Amino acid sequence: MEIRDEVLDERERIGFRLREAYHRHGFSRYRMGKFEEYDLYSRNKDFLLSDGVITFTDTNGRLMALKPDVTLSIVKNIRDRGDGLEKLYYHENVYRVSDGVDGFREETQVGIECMGRIDSRTIGEVLGMAAENLGMLSDHWVLEISHLDLLSAMVDAVALDGGMRDRMLACAGEKNLHGIAQICREAGVRPGAEQALLDLINTYGPPRQVMPAIRKIAEENGCGAWARELSETVAAFAGTDAAEKIWIDFSTTGDLRYYNGIAFKGFIEGIPDPVLSGGQYDALMRRMHRKDRAIGFAVFLNRLDRLAEKAEKAEKAEKEEGNA
Amino acid sequence: MSGGSPLNIALPKGRLGEKVYALFAQAGFECPAILENSRKLIFENEEAGVRYFWVKPSDVAIYVARGAADIGVAGKDILLEYRPDVYELMDLGIGKCSLAVAAPKGFEENPERPLRVATKFSRVARDYYGGMGRDIDIIHLNGSIEIAPILGLSDVIVDIVETGTTLKENNLEVREIIVPISARLIANKSGFKFKRDAIQRLMAGLGGNGK
């Protein structure tokens, strides 16, 4: 039985198109229930995108939660693959408090997770799929990539205490150069180390333009290996149509207790929040006593509603023009 | 990368917004219509590729975070209190003041009971006293914070202090400065990607690092 396109709403249409792409890349569907034991989230609260979790007591007295996240459940339920590679995709609803919105919202996300032996080829494939997904949604997109181990090493090089380190990473995420300079002044950081950190955060754009400068900063500060890894990872985009839409940007950060290595976010013109977010999360795997490495990304379908609104407006304007 | 749409700028209504507009106009983002005495709130200069709108100072960050404005100017106090997910690109060095703890002259704190704190900045107050391990009772108010200790509603207040005149007139004094405040140039994280050239041109015009 074939489903006619017009019976699907835009969010469903996009969700199925992305699933089709994941399937084409050899990923298998991972299905999950709507509930999970609350304990899983209480132990990994900072990994969640929002603070709130909807809880209820099950008939057997266990405290349960409506899923606020997909990745934690997958990590919990998939066994280590060692030298193998588990390639999964999902299409699920999650329940969380969105920024600036009172109360809980049901949000739909699709995405992929790879677990097992993650090498540069797998990372490259995942980044390629992220770029492909963005290209399927719009012609005007940017995929922003950073390297958390490099950023973390550069911050550690200025030897800050825990609180200052967190403030420094928050400033990096805000492109807040004056904030970074202020923390360095408070901590008495030597000017050379401060300038290197400022230069790293302030160097962003397509790899062709910025990679040489980033490699230089990293080499001079003993972080050359991470910069080379980043450079090799994005090299696959050189000379492609996507090349100018891929940006290196160290303001893409993440909680270092869970994330490491390559981190990325996808943006579409006219949508204020990132529509895609992903990266490596080996640190989360370790916290959950897993030996595998892992990488994945999610596409937030609710945020794409503006695309449908834009298309409707354009269609209306076209009709009006035709009538005139 | 930039589309054809103008750079949307949210300005805080009032004296600070007027100062900011003067700086932006000097940086090449002029829109003379904004100086006309009218009740209009949105002004566009197609030639300069810029559209300004006046909004309540505490709402600037919301307009920017939600993408209605590409950039805006907000006080650091608002950014600390509401923590919008935006880029904080520049400290403009204007609108300088402090977020401070003030109390009636001669007030002696009783450490054996929670300190009652009246403020508009509940999150800042909670973080500040939380960092010291001090138990507090927050009384969230939306204005006339200074009268709270006089009427016995609170022991101290956490509020913006500019010259200290209002405090003095109400027999209050600054006990601790929590953080210095000034106006910051903020940008929507997505808008920044697609209007980077214009935003960097503005930053360079303001004497910042426009690369």
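Author: Helices here are DSSP runs of H or I with at least four residues, strands are runs of E with at least two, and both are numbered from the N terminus. This is a predicted model, in which local features need pLDDT of at least 70 and side-chain atom pairs count only at pLDDT 80 or more, while totals for chains, interfaces and linings use all residues. Residues are numbered from 1 along each chain as its sequence is written, and chains are lettered from A and ligands numbered from 1 in the order in which they are written.

Two packed helices are described by the angle between their axes and the distance between the axes. From helix 8 of chain A, A:Ala196, A:Asp199 and A:Leu200 make the contact, and from helix 9 of chain A, A:Ile214, A:Ile217 and A:Glu220 do. Contact here asks for C-beta atoms, placed from the backbone, within 7 Å of each other. By class, this contact between helix 8 and helix 9 of chain A has four nonpolar, no polar and two charged residues. For these classes, Ala, Val, Leu, Ile, Met, Phe, Trp, Tyr, Cys and Pro are nonpolar, Asp, Glu, Lys and Arg are charged, and the others, Gly among them, are polar.

Now turn to another partner of helix 8. The axes of helix 8 (residues 191–201) and helix 5 (residues 148–157) of chain A come within 9 Å and cross at roughly 155°, so helix 5 and helix 8 of chain A are roughly antiparallel. Their crossing is left-handed. On the helix 5 side of chain A you will find A:Met154, A:Val155 and A:Ala157, which meet A:Ala193, A:Ala196, A:Leu197 and A:Leu200 of helix 8 of chain A. By class, the contact of helix 5 with helix 8 of chain A has seven nonpolar, no polar and no charged residues.

Helix 5 leads on to one more pair. With axes 9 Å apart, helix 5 and helix 10 (residues 224–235) of chain A pack at an angle of about 155°, which makes helix 5 of chain A roughly antiparallel to helix 10 of chain A. Helix 5 of chain A passes helix 10 of chain A in a left-handed crossing. A:Asp149, A:Leu150 and A:Ala153 of helix 5 of chain A make this contact with A:Trp226, A:Ala227 and A:Leu230 of helix 10 of chain A. By class, the contact of helix 5 with helix 10 of chain A has five nonpolar, no polar and one charged residues.

Next, the core. The largest nonpolar core has 80 residues, and A:Val126, A:Ala130, A:Leu143 and A:Ile145 touch the most other members. Such a core is a set of buried Ala, Val, Leu, Ile, Met, Phe, Trp, Tyr and Cys residues joined through C-beta atoms within 7 Å. A residue is buried if 20 or more other C-beta atoms, placed from the backbone, lie within 10 Å of its own, exposed if 12 or fewer do, and partly exposed in between. Beyond its neighbours within four places in sequence, A:Val126 is in contact with A:Ile112, A:Cys114, A:Ile295 and A:Phe297. A second, separate core of 40 residues includes B:Phe53, B:Leu185, B:Ala187 and B:Ala198.

Finally, where the chains meet, 16 residues of chain A are in contact with 17 residues of chain B. Helix 7 (residues 177–187) of chain A gives the most to the chain A side, with three residues. By class, the side of chain A that touches chain B has five nonpolar, six polar and five charged residues.

How values were computed:
Contact = placed C-beta atoms within 7 Å. Axes fitted to C-alpha atoms, helices over the stretch in contact; angles between N-to-C directions. Parallel < 35°, antiparallel > 145°, perpendicular 65-115°, else oblique. Left-handed = near helix turned anticlockwise from the far one by under 90°.
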